[in-house]
Amino acid sequence: MSDVSRRELFRLGATGSGALVLGMVLPGCAAPRGREPSTAGAWAPNAWLEIAPDRGVVFTLDRVEMGQGTVTGITTLVAEDLDVAPENIEVVFAPVGDAYINPQYGLQVTGGSSSVRISWDRVREAGARVRAVLLASAAEVFQKPVDSLTTNDGYVLHPDGIQRLAYGELLGLAARQTMPEEVTLRRPEDYRYIGRQNQRLDARAKVTGQARFGIDVELDGMRYAVVARPPVIGARLVSFDDAKVRQLPGVIDVLAIERGVAVVAESYWQALTARDELAIEWDESDAVKVTRDSVFRQYRQAADDSAGDTERSEGNAARALAETDNVLEAEYEAPFLAHATMEPQNATAMVTANGLEVWAPTQGPDMARIAAARTSGYSPESITIHTTFLGGGFGRRLTQEYVEEVAAIASQRGEPVKLVWSREDDIQHDVFRPAMLHRFRGALSNGRISAWDHQVTGPLIFDWFARNAAPAQYPWAPQMVYSTLASMGRMTEDTFLTPKDRSAIEGAVDVPYTVPDLWVRHTHSDAGVPVSYWRSVGHSHNGFAVETFMDELAHRAGEDPVQFRLRHLADSPRHQAVLERAAEAAGWGDPLPEGRARGVALHRSFGTYVAQVVEASITDGAIRVQRVTCAADCGQMVNPDIVRMQLEGGILFGLTAALYGDVDWDDDGRLKQSNFHNYTLMRHDETPELNIVLMDNAEAPQGVGEPGTPPAIPALGNALFGVTGKRQRRTPFRADSGDA
Amino acid sequence: MTITIRVNDTEQSVAAPGDTPLLWVLRDWLGLKGTKFGCGIGQCGACTVHIDGEAKRSCITPVSKVAGGDAAVTTIEGLADGDDLHPVQEAWVEHNVPQCGYCQSGQIMSAVALLNQETNPDDERINEFMSGNLCRCGTYPRIHAAIRSVADGGGS
């Protein structure tokens, strides 16, 4: 297939003049200072921008779009300082390239609610530099001083107010200019798009069915694959009998891959139904057979046996607790959780004359490239990763097994193959939010917390994540050393070579409350269940545990939970402000109908301060959430309505975990949950009224994709305590139980 | 075996086994990728299409059920009139409903079916009708507001 036809094929979204077009067009090698343009006559001054006379501005977006709004938000940043309206910019998804690495992780990762934060300077500066060069070029044409010229939506304006030059008319001159080292970014009072853009650029493509997700990739002569994977974690393939399957209509091939047995057929439906007829023998001798209960038994034992690593210590909490009688102890359980993105995991791959091309809805294209290299034998430089729209991410698509699988199948078959996981595959072979155990001891003195000991017990996610993440940082390394690099990555965790894995302790070590004797520790215990990042990561369980325990302490102190928190926040004005704002907006303290109560929680994550008040009841034996009031301070906002959307979505994600989220196995190690009938998500009719209050300030922009999730869980649990007088110390919450 | 089906006012012949769910015929035989696969068991509504105007889950509808050309299948691609969006699609854009967008074809097809049945459904009716469509991004409040705006005559 020629580049032109491929480009036509994979152009995404609505077409027509002025409409947004999202394409998977390769913008060429991503050098930080200029690169070869993808079309003749175009000018590609940096890794993000290309301007063509007939095509206008093409922006290479280096953070994937999974709903969180990068297509709109990051495009708005470049629009502001290039001075082109966001809707007049064509957006393409970035290939793998050094310029696109997320500096927060050293990997080309979209995650950690970091996209706006890391793009704020570098993408705006990229736009500003190009605008400066276009202005200098126009100054030569007009024979006027640069300072006398202005720009407006893709044009440089002559001081006479009549003449103007389109950016596209200046490319020849611009390409000969030197990029300025220093540029001035547009001042906040002059913003045209930042803080004002409220529509989503991808909305039209997503309401017409035109947005192209990974599962929508279509190649000439493409086959469909499904994989039969181990029924128990860690079981190994011994043998399989495919005689019957090969007789079934449409079946082309059955082949063994590292993870199991792949069935390749002419259609997905034929592949899926044929898989049921496979007779496979698995060796379960090394299988991990756990249950929720057995995992927490293991954690309790570990917590008893080891005090763990001290992660934060002020004063001497152990001594202070030993010296007082007024100690409150509590233990909380947060279970394994599946991600359940609406688009199941999938990927498509094709062997070409030059190597392997892969299309994947992935949060980490560079790790996807390593995953493909690992199982196909092609070197990373001969593998091209095309990123699509993602039908939800939530951390799930940071792990790349679906790419490993499709690369193995497509390279063996030598023809284009699309691999689609069924929903059952997706839930049963997820890499879960780790189950975590939290133990607290707290002491009160004169109504104030005098000592705090928080012991977090559970695994470290990086142990599971290093597999493709570590080699992705050394793409020139041969495939035979990938496992060595992964082990080295794990062993050097928390040294200058590998950053500290904070996944178990984030949200615990940064507890904002002032306590003289404070101790936060982590006891490592891994049950052998594959785990991964899940929306808000460590904050998802630490927020629940810390904010429930705060409520228990407030109750023990006999004080109002809002006042009690405020009393411990003297040094944290932004925490105070969101808490007061949420309480005020929620009518904290106002009378409620019989049987209803409010609960509050406050949690900062990914830089953003969030306080929530949840109003709930137990009606007809079921937990009902009537209203959630949420105040958030995320600093400056690029797109206030997307901030709102992300907080709304984050809250419902948290409430879903609080009400339903649970993953468990039977005694044979088979996962009990398999599809949406038993891995339940909140539905339309259960949705509470959401009242989002955004703080207005000029602080640095922070994350918004995840911070809405952590406080929703404890705020609901604390509300239920108000209803029943019983503590919800494990999720999912139960209407009929709790601890007195 | 060749089956004739009528999709978006066009008769199509597909060589698909009769037990193939309509979803996969639409997506993989006819290239209509707007209809999505979410669960395969009629639990999430991502695959919702109209069959003779009624919302149906195409993942559990064998293509043989709509064969012969008597049944009219409408997908998300058949909703807009050229560049003119359907009022429900307009309302979706207006209310900034989509986040990841994956479930939204199904959400919109359900909403249109509801509003075709009754012009002014109340909140309870919207809740009841729309609760078969899951959204993991949490767009329900905006979906609700968008439907309300059309029901109240404010959508177009």
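The crossing of helices α18(A) and α19(A) is right-handed, a crossing being right-handed if the near helix is turned clockwise from the far one by less than a right angle, and left-handed if anticlockwise. The contact is made on one side by Gly650(A), Ile651(A), Phe653(A), Gly654(A), Leu655(A), Ala657(A) and Ala658(A) of α18(A), and on the other by Thr709(A), Pro710(A), Ala712(A), Ile713(A), Leu716(A) and Gly717(A) of α19(A), where contact asks that C-beta atoms, placed from the backbone, lie within 7 Å.

Please keep in mind that this is a predicted model, in which local features need pLDDT of at least 70 and side-chain atom pairs count only at pLDDT 80 or more, while totals for chains, interfaces and linings use all residues. Residues are numbered from 1 along each chain as its sequence is written, and chains are lettered from A and ligands numbered from 1 in the order in which they are written.

Let me turn to the sheet, which is open and has seven strands in the order β11-β12-β9-β19-β16-β17-β18 of chain A, with mixed pairing; strands (DSSP runs of E, at least two residues, as helices are runs of H or I, at least four, numbered from the N terminus) pair if DSSP finds at least two bridges between them. Because β11 (251-257) and β18 (383-387) of chain A each have a single partner strand, they stand at the edges, with one side of each left without a neighbour in the sheet.

Within this chain, β16 (residues 346-351) and β17 (residues 356-360) of chain A run antiparallel and are joined by four bridges, and Met350(A) stands opposite Glu357(A) in β17(A).

Technical notes: Two residues are in contact if their C-beta atoms, placed from the backbone, lie within 7 Å.
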